[in-house]
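Please look over the sequence and the model below.

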Amino acid sequence: LGIFIYSGLWTLGHGLAYLKFYTPIGTARFELQQPVLDRCNIHDASCQDAFPTTAELPYCCQPGCSPASSAGEGSCSCSWQPRFPNYECRFYDGDSAGIPQRSGIFMASRMRLQQEVMNETCMQHNPTTCSKLWHIKARPTVFVAGIENFTLLVDHSAEVDDLGLFLQARQLGPGLLRVSGSGPAQQALCARHGSKTDAHNGKNTTSAPCFVQPDHPINSTLDVFSVGTLLSAAGVDLDADSFQGSGQSVRYEGLTMVMSINYYNTVPWRGLIQTPGYYYQVTAMTQSTYGQNQVLWDPYHMNRTVIAMHGIMLQATIDGALATFSFNRLLLQLTASLTLVTAATTAIKYVAMYLLKYRAYYRIAIVSTTADFSHVAALERMETDQLREICRAHELSSVGPREVLLRRLIVERYRDIDEEQPEPQGQAREVEAARFMGAGS
């Protein structure tokens with residue numbers, strides 16, 4: 001029963017071993033946007049931003065904080081944040097704070113704005129030496145205000161050439177975000193309305209782990225998540241410690257994240273489903289810091305601003321599995337299951353016959369001894385009436401066709417001989433033949 005449950009139900013029903021799975025390939029595109037009122041279109045003149053005030057952000061310098069010159073320009077020390085220095089906060093939009101990458105995006109949480117002026121001595125005609133090409137005028141460090149409130153639009157597609165499948169997020173969505181952890185931040189996420197226990201037809205839930213619903217732009221089916229939602233799903237707090245020895249927060253140093261976009265067209269116990277789907281899963285590596293530099297030149301290239309940015313590097317991968325029915329895999333699974341059943345049956349039989357306490361009785365019950373069929377040819381040459389007479393002579397039923405009469409004689413004759421005293425092996429066949437001939441006369 002256990003083998004049948006494993007091979008027949010679990011492997012085929014839950015594991016879907018009769019399907020052939022393919023790993024899809026694809027691309028992803030991200031677009032970062034600052035928080036806005038009522039999901040308005042930022043390209044509309046009437047659209048208003050919805051940044052939090054710096055007084056609401058505990059990492060910003062605020063009245064009551066004292067300058068902390070040892071941490072650089074723009075830093076301050078605040079009583080409610082004793083572990084790390086605070087910095088001035090500035091407001092940026094999505095185009096300024098987000099830098100698209102190939103299947104990814106960089107989202108700045110901290111910037112150092114280093115203003116430089118070119119050394120005119122180095123620009124003279126045919127200079128012979130240059131002690132310093134750029135003079136640094138100022139280098140304040142600032143935090144991006146409310147980066148957790150920014151929203152991230154996700155657009156992606158996947159294909160499997162062998163199946164002729166090409167899938168787009170805008171046609172399949174929405175895609176739910178998987179929340180795997182069970183910490184306070186994850187529990188707060190799963191307490192939102194619409195959280196599910198599974199990506200496909202899951203039940204409503206209010207506790208982690210769960211799958212949370214995305215938002216959508218107006219008149220669009222693409223998925224949108226706030227940066228804070230993605231960070232919470234990955235169990236990241238930007239104001240926690242960065243790598244050991246840094247002395248700074250994750251917000252200051254930055255981190256690396258991976259978003260796995262998992263496509264599927266199967267469900268355990270159901271098999272193939274009509275419409276494929278997908279879900280997101282994010283993981284974070286807070287010990288892996290990330291930063292980028294950007295240079296802004298003045299029109300005459302005599303002055304420039306070097307922007308050293310640190311923040312969240314989010315890279316997308318297309319994962320999951322798309323399947324199709326495979327007769328070969330079904331046949332292979334059935335063959336393996338039969339082999340397993342046969343091996344188990346053989347092992348149990350030999351253990352019962354040779355190892356257990358009552359093995360002698362088990363051996364008699366397991367081994368079936370048949371009659372001796374060596375006289376079938378002689379009986380076949382007899383007429384049917386003659387076979388009936390022999391049956392009656394041995395007090396056996398004479399009803400039935402030839403094959404039944406013949407089998408009846410062989411079985412009974414075998415038992416008669418078996419119950420008698422054993423005779424020498426050389427004489428056994430002669431005695432048995434004589435008995436048959438005597439019975440037929």
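The text below moves from strand pairing to packing, then to charged pairs and a helix.

This is a predicted model, in which local features need pLDDT of at least 70, side-chain atom pairs count only at pLDDT 80 or more, and totals for chains, interfaces and linings use all residues. Residues are numbered from 1 along each chain as its sequence is written, and side-chain values use heavy atoms, with hydrogens and water left out.

**Strands**

Helices (H or I, at least four residues) and strands (E, at least two) are DSSP runs, numbered from the N terminus. Two strands pair if DSSP finds at least two bridges between them.

Strand β16 covers residues 271-285 and pairs with strand β12 (residues 176-179) in the parallel sense, over 3 bridges. Arg 178 has Gln 281 in β16 as its bridge partner. Strand β15 (residues 255-267) runs antiparallel to β16, and 11 bridges join them. Here Thr 256 has Met 285 in β16 as its bridge partner. β15 and β16 form a hairpin, with 3 residues between them. In that turn, Trp 269 has a positive phi of about 75°.

**Cores**

Buried means under 20% relative accessible area, exposed over 50%, and partly exposed in between (1.4 Å probe, protein chains only). A nonpolar core is a set of buried Ala, Val, Leu, Ile, Met, Phe, Trp, Tyr and Cys residues joined through side-chain atoms within 4.5 Å.

The largest nonpolar core has 55 residues. Those with the most contacts inside it are Phe 30, Met 111, Met 259, Ile 261, Tyr 263 and Leu 314. Strand β18 (residues 303-325) gives the largest share of this core, 8 residues. Another core, of 11 residues, lies apart from it and includes Met 382, Ile 390, Leu 396 and Leu 405.

Which residues is Ile 261 in contact with, leaving aside its neighbours within four places in sequence? Among them are Ala 28, Val 154, His 156, Tyr 279 and Ile 318. Contact means heavy atoms within 4.5 Å.

**Salt bridges**

A salt bridge is a side-chain nitrogen of Lys or Arg within 4 Å of a carboxyl oxygen of Asp or Glu. The whole structure holds 9 salt bridges.

| Arg 304 | Glu 116 | 2.6 Å |

Arg 304 counts as buried, at 18% relative accessibility. Glu 116 is buried too, with a relative accessible area of 7%.

Arg 251 sits in helix α6 (residues 250-253), and Asp 239 in the loop between α5 (227-233) and α6, 12 residues apart. Both Arg 251 and Asp 239 are buried.

Glu 389 and Arg 392 lie 3 residues apart in helix α10, about one turn of the helix. Glu 389 is partly exposed, with a relative accessible area of 47%. Arg 392 is partly exposed as well, at 42%. Elsewhere, salt bridges that share partners join Arg 29, Glu 31, Asp 155 and Arg 170 into one network.

**Helix α10**

Helix α10 spans residues 384-393, and Leu 387, Ile 390 and Cys 391 in it are buried. Seen down the axis of α10, the buried residues fall within an arc of 100°, so they line one face of the helix. The arc is that of the directions from the helix axis to the C-beta atoms. The face turned away from the buried side carries the exposed residues Asp 385 and Ala 393. Glu 395 follows α10, and its phi is positive, near 60°.
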